[in-house]
Structures are given as structure tokens and as C-alpha cells.
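This report walks through a structure for a reader who is meeting it for the first time. Please look over the sequence and the model before reading on.

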Amino acid sequence: MKRFIFKFILLFLIPLALGLFSRSVGFNYPQALSISIFSVSILGTLFFWDFRLSFAFLGTSILLLTQVIDLNNVIKFASLEVILFLVGMMVLIGLLKEAGLFAWLVSLILRIRNLTSQKFLIAISVISAFLACAVDEVTSIIFMVAAILEICDYFEVDPVPFIICSVLTTNIGSSGTVLGNPIGILIAAKAHLSFEDFIIKAFPLMLLCLAVTISLLRILYRKTLKQFDEKIRELGANEMLIRLISVPPERELRVCLGIFGATLLFISLHHRLELFLGLETNTILLIAPLISAGLVMIWKWRKARDYIEKDVEWWTLLFFLLLFAQAGTLKYTGATDFLAKKIIGITGGDPRFLVSTILWLSTIGSGILDNVVLVAAFIPIIHGFEALNVNIQTLWWALLFGGCLGGNITLIGSTAKIVALGILEKERRIRITFFRWFRIGLSVGLITTGLVWFALISLPFYR
Amino acid sequence: MKVNEIMTKEITSLSPEADAKEALDLLLKIKISGLPVIDDKNKLVGMLTEKEILSAILPSYVEKVGKFVYEENPKVVKQKISALQNMKVKDLMRKNVVTVDEDTTLCEAARIMLTQKARRLPVLNKAQDVIGIVARGDVVKALFREAVAE
């Protein structure tokens with residue numbers, strides 16, 4: 001109870017202090033209020049995760065009541081395009097899950113022939129990363145954890161190191177495309193970056209981070225891998241695992257795969273199609289999942305309501321919507337422009353310094369906070385730099401990688417990790433300690449962020 | 001008619017500290033799919049049904065991975081069944097239990113069973129002590145009996 005009260009007091013004292021400090025350094029009243037309220041939302045997610053939506057509701061209402069922002073602008077800044085994209089993707093993922101696609105993927109992992117520990121580590125790492133690229137990190141991690149637990153149970157080995165590997169590579173993989181993480185689509189929408197931009201600039205860097213991480217994990221977990229190989233020799237081939245589950249190859253699964261494949265195709269070609277059809281940037285990117293979801297709901301009209309009510313995470317999406325509106329208020333009041341001007345004044349607009357600052361701050365920040373909260377806060381500041389004629393292209397990539405890779409550092413840093421560790425605790429009653437994670441997470445987080453840092457500041461390709 | 005007129009007053013219950021394996025044996029012996037868990041102060045603390053047992057022995061992710069067929073029994077099921085030996089009823093029971101008070105009408109009990117998907121409802125008195133249990137079958141029978149009598 002004492003801890004709860006302490007957190008509650010901090011939740012009000014820190015934003016109050018921030019507001020007063022902002023006033024004292026030259027921010028006007030609406031700017032200081034918008035900073036205070038946005039910081040309540042940030043701290044609310046940190047201290048009271050289950051109440052985050054309540055804080056977002058109350059904060060946005062206060063901003064409207066105090067006329068810091070008007071209703072039209074709340075709607076404008078709420079980034080409905082991003083929310084609708086996520087709704088469409090969640091409906092599609094729900095359909096794929098129901099059709100058995102993910103269970104089929106799990107069965108493929110269980111059927112790896114002539115399994116060795118090295119093969120297993122590489123397979124789960126690569127599949128985790130690529131699955132996170134194609135669907136979202138939370139969906140991907142559930143299936144990976146299921147496959148890892150089944151295999152580790154069969155061979156009677158500790159699943160924890162392999163679950164850690166899967167979570168780390170899932171977070172890394174989520175930076176590879178716009179689909180992997182909500183911050184990907186948020187950055188794409190706000191920076192007018194296309195899927196192609198992600199494939200050209202983010203994907204290769206993600207592959208590099210993945211390769212380095214796998215090599216590092218092979219060294220860090222060499223003893224575990226050796227024990228696993230001994231168990232494979234002792235228990236023989238994974239014949240029982242090969243037969244363990246099956247997914248009926250029904251027509252429905254093939255149709256669902258076709259719909260998902262077509263959606264991915266349209267998403268990957270969206271930029272070309274938009275140019276060809278003379279559409280606004282990212283129109284097809286944002287509507288492709290909606291068109292597919294709409295068609296799915298006509299096809300499966302009896303279950304359409306279930307897809308919307310059960311598969312769409314309204315709690316999270318409503319939080320995002322109001323958070324984006326609150327972050328937009330920082331832009332609307334000019335708070336972030338003021339801050340951007342101050343930063344440029346101090347640094348002289350040195351691009352390397354700005355990239356380093358955004359990358360490392362977002363890396364450290366997303367180790368502690370939900371990365372969407374962090375990215376939503378940084379976006380208006382980066383737009384503020386743009387207004388001061390700073391080249392911001394590299395900053396978007398710094399923000400993307402910082403937001404995804406930082407989640408690997410601590411135990412609380414990413415949603416995928418929270419989901420995976422939740423299953424592990426429920427299934428095996430194993431609770432990973434902060435430091436057991438931190439030892440591996442910090443090494444992987446620092447090395448991968450360091451690689452990205454080097455690439456972003458030294459390769460002209462990213463400027 | 002009220003639930004206190006049709007409820008089973010002599011209820012078999014489980015203690016939260018009882019061994020899970022013994023509780024399962026009792027469920028199988030008396031051929032009932034679930035029992036209330038009542039502490040030594042006669043307060044309801046949970047419900048243990050076959051569903052909770054199945055949830056405890058199957059992997060928790062089976063509901064999340066979508067459509068598939070188990071062609072073999074996974075090794076973990078055997079391990080989890082043996083692990084039941086070391087577990088208490090309180091580790092397995094469902095803590096959120098829908099209850100009714102003794103003056104609840106039959107239709108209200110039926111409405112609660114339907115909307116809350118409950119097969120049986122523990123009946124509590126004003127002091128929140130468990131005084132009986134009413135099953136779905138009891139409510140259906142009583143409703144029909146009452147209608148015919150009228």
C-alpha cells in the first residue's frame with residue numbers, strides 16, 4: 001500500500017514539477033500544461049500499467065476542458081489512419097489464427113529433422129524475427145513460446161534460454177518492416193516513409209543485428225546448447241514431436257493464406273501503386289488491411305462481429321488514440337517546436353549529435369517505457385527539427401531502432417517479453433529475475449544499438 | 001419460489017488447503033463436475049471444477065494458437081498430472097465465483113446462470129456463509145414444476 005501511495009504521489013509531483021520547470025524556462029501556460037498532462041500519461045504507463053487508459057481519458061478531457069486544445073485538433077492528432085491500420089491487421093491476424101496458420105507454423109518447428117541445439121537456436125531466432133516482421137511481435141511470440149516449450153519439454157531441457165533468444169530476436173525482427181511493431185506504422189505514417197523505405201533501410205540493418213545477436217547467443221548459451229545436444233543423443237530423434245500436432249489442410253487455411261499474402265503484396269507495392277494511381281502517400285499502405293478485413297467480414301459474416309469484438313485490442317488502441325492526441329497537443333501548443341529550437345540552439349543542429357541523442361535516448365527510454373509512448377513523444381520534436389531545416393531522415397530510423405532494440409534491455413521493456421514471460425510463469429512457474437534478463441538483454445541491447453548507431457552516423461545511405 | 005426452497009443444503013465442499021489430487025479423486029468418486037471451496041470460517045473462497053483441472057494440465061497457450069489437432073499426448077500433460085500431487089486446491093481453484101443470496105428468485109438464478117455461464121451457484125446467507133448450492137438442473141426442474149402446478 002505504501003508503495004502504491006508513493007507511486008501515486010510521484011505521478012502528481014513529477015508532472016507538476018515539470019510544468020513549473022517548463023514555465024520557468026520560457027514555455028507558456030498551455031505548453032506547460034500539455035507537457036504536464038503528457039507526462040502523467042507516460043508515468044501512468046510506468047507506474048500503473050492497468051490504469052493507463054483511465055489516465056489517457058482523464059488527461060485528454062483536462063486538455064479539452066482547459067481549452068489547451070480543441071475537439072477538431074484532438075481528432076486531427078489522434079492518428080486515426082494508424083488506428084484503422086492496426087484494426088485491419090488485428091482482424092486479419094484473428095482470421096489467420098482461427099484458420100490454424102500459426103499452429104501450422106508451430107508444427108513446422110516441431111518437425112525439424114535431425115535436430116541439433118545449434119539448428120534449434122538458429123531456427124527459433126530466424127523464425128521469431130521473420131514472423132515479427134510479417135505479423136506483429138505479440139502474436140508471433142505466443143506461437144514461438146508454444147513451440148519452444150513443447151520441444152524443451154520433450155528433450156527435458158530448461159526452456160528459459162531459448163525463450164529469451166526468441167524474445168530478443170522478436171524485438172529485433174519487429175524493426176524490419178512497418179508491420180512488426182505499432183511504432184513502425186506510426187513512424188511510417190508521420191514521416192511519410194513507405195514499406196519500400198523500410199525494406200531498403202531498416203530490413204538490412206535488422207538482418208545485421210539478428211546475425212550478430214545469434215552469434216552472441218551461441219557464445220553466451222554454449223553450455224546450455226551442449227546440454228541440449230547431450231539430451232538429443234540420449235532421447236533420440238524427435239519422432240513424437242513430429243506427430244504431436246496436425247493442422248487439417250482445409251480450404252479455409254489456403255484461402256486465408258491467399259488473403260494474407262495478397263494483403264502483404266499490396267502493402268509491399270503500395271508506394272508504386274500510389275504513384276501509378278496518383279494517390280496520397282501511404283493511402284494504399286493504410287487501407288490494404290482494411291480492404292482485406294472488409295472482405296473477410298463479408299466472407300465470414302457470421303463471425304464478423306467476433307473478429308471486431310474479440311480480436312481487436314480496443315483497450316490498447318484507445319490508449320494509443322488518446323496518447324497520439326496528447327502528443328499532438330505538444331505540437332499544437334508549440335511546446336515541441338520550442339523544445340526543438342532550444343535543442344538546435346544548444347547543439348548547433350549537428351546531425352550526428354541529434355541522431356546519437358535520439359537513438360540512445362529512445363533505446364534507454366524504451367527499456368523502461370512502452371515504446372509507443374516514447375515514439376509518440378519524439379515525433380513532434382523531430383517535426384520541430386524539420387521546421388528548422390534540419391535533415392530528419394536519419395532521425396526516423398534512429399527512433400525506430402531505438403524504440404525496438406531498447407525493449408530488449410530490461411525485463412519490462414517490451415510487450416512481447418511481458419507476454420512470453422507471463423506464459424512461462426503460468427506454464428512452468430518459472431519467474432525470470434531482473435538481473436538474469438539484464439545480463440543478456442543489456443549485452444544484446446548495447447551491441448545491436450551500437451551497430452545501428454555506427455551505421456546511421458557513418459553510412460551516407462541513411463542520410 | 002426462491003432458491004432456498006430448492007437448493008441442496010447438505011453440500012460437499014473442499015478446503016483450500018486440501019491436496020489437489022485428493023480433490024480430483026473426490027470429484028470423480030461422487031461424479032460431480034465441480035465443488036465449492038470453503039474455508040474454516042465457512043466462507044466461500046473459490047470453486048474447483050473439472051474445467052480448472054483441465055486448464056491446469058493442458059498448456060495454457062492451447063486457447064491462443066488457433067485451430068489444430070493433438071495427434072499425440074504431449075509429455076507436459078503427464079508431468080502436470082504428476083505435479084498435481086504437490087498442489088493444493090487453492091492453487092487450482094477459480095477465485096471469481098458467481099453466487100446468489102437465499103432470497104433470489106428462480107428466474108433471477110436462471111438469468112444469472114445463463115448470462116454468467118454458471119452451471120451451479122453457491123447460495124449465501126446474510127452473513128455471507130455458504131448455506132447451499134443450486135444447480136442448473138434444479139432450477140429447470142423447479143421452474144417447470146411451478147408452471148405445471150399453476
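Predicted model: local features only at pLDDT ≥ 70, side-chain atom pairs only at ≥ 80, totals over all residues.

Two strands are said to pair if DSSP finds at least two bridges between them.

**Strands of chain B**

Strand β1 (residues 34-38) of chain B is joined by five bridges to strand β2 (residues 44-49) of chain B, and the two run antiparallel. Within this pair, Ile38(B) has Leu44(B) in β2(B) as its bridge partner. The hairpin that β1(B) and β2(B) form has five residues between the strands, and one of them, Asn42(B), takes a positive phi near 65°.

Chain B also holds an open sheet of three strands in the order β4-β5-β6, with mixed pairing. Its edge strands, each pairing on one side only, are β4 (100-101) and β6 (130-135) of chain B. Strand β5 (residues 120-124) of chain B runs antiparallel to β6(B) and is joined to it by five bridges, with Val123(B) finding its bridge partner in Gly132(B) of β6(B). As a general point, the side chains in a regular strand alternate between the two faces of the sheet.

| Strand | Partner strand | Bridges |
|---|---|---|
| β1(B), residues 34-38 | β2(B), residues 44-49 | five |
| β5(B), residues 120-124 | β6(B) | five |
| β1(A), residues 245-246 | β3(B) | two |

**Where the chains meet**

How many residues does each chain give to the contact? Chain B gives 21 residues and chain A gives 28 residues. Between them the two chains bury about 2100 Å², of which 54% is on carbon and sulfur atoms. Of the area that chain B buries against chain A, Tyr61(B), Lys67(B) and Lys75(B) supply 34%, which is more than any other three residues.

Two salt bridges are found across the interface of chain B and chain A, and the side chains of Glu427(A) and Lys80(B) meet in a salt bridge at 2.8 Å, N to O. The count of residue pairs in polar contact between the chains is seven. On the side of chain B that touches chain A, the elements that give two or more residues are β3 (69-70) and α4 (75-83) of chain B, and α4(B) gives the most, with four residues. The residues on that side of chain B divide into 10 nonpolar, four polar and seven charged.

A strand pairing also links the chains, in that β1 (residues 245-246) of chain A is joined to β3(B) by two bridges and the two run antiparallel. Here Ile245(A) stands opposite Tyr70(B).

**Two residues inside chain A**

Is Thr169(A) buried or exposed? Thr169(A), which lies in helix α9 (residues 160-173) of chain A, has a relative accessible area of 0% and is therefore buried, the cut-off being under 20%. A polar atom of its side chain lies 3.5 Å from the backbone oxygen of Ser125(A), and the side chain of Thr169(A) reaches the backbone oxygen of Ser166(A) at 3.2 Å. Leaving aside neighbours within four places in sequence, Thr169(A) is in contact with residues including Ile124(A), Ser128(A) and Leu210(A).

Leu359(A), placed in helix α20 (residues 351-368) of chain A, is likewise buried, with a relative accessible area of 0%. Beyond its neighbours within four places in sequence, its contacts are Ala398(A), Phe401(A), Gly402(A), Thr449(A), Val452(A) and Trp453(A).

Key
Residues numbered from 1 in each chain as written. Chains lettered and ligands numbered in written order. Heavy atoms only, no water. Contact = heavy atoms within 4.5 Å. Buried area = accessible area lost by both parts, 1.4 Å probe. Salt bridge = Lys/Arg side-chain N within 4 Å of Asp/Glu carboxyl O. Polar contact = N/O pair within 3.5 Å; in protein donor to acceptor, adjacent residues only side chain to side chain. Nonpolar A, V, L, I, M, F, W, Y, C, P; charged D, E, K, R; others polar. Buried < 20%, exposed > 50% of the residue type's maximum accessible area, 1.4 Å probe, protein only.
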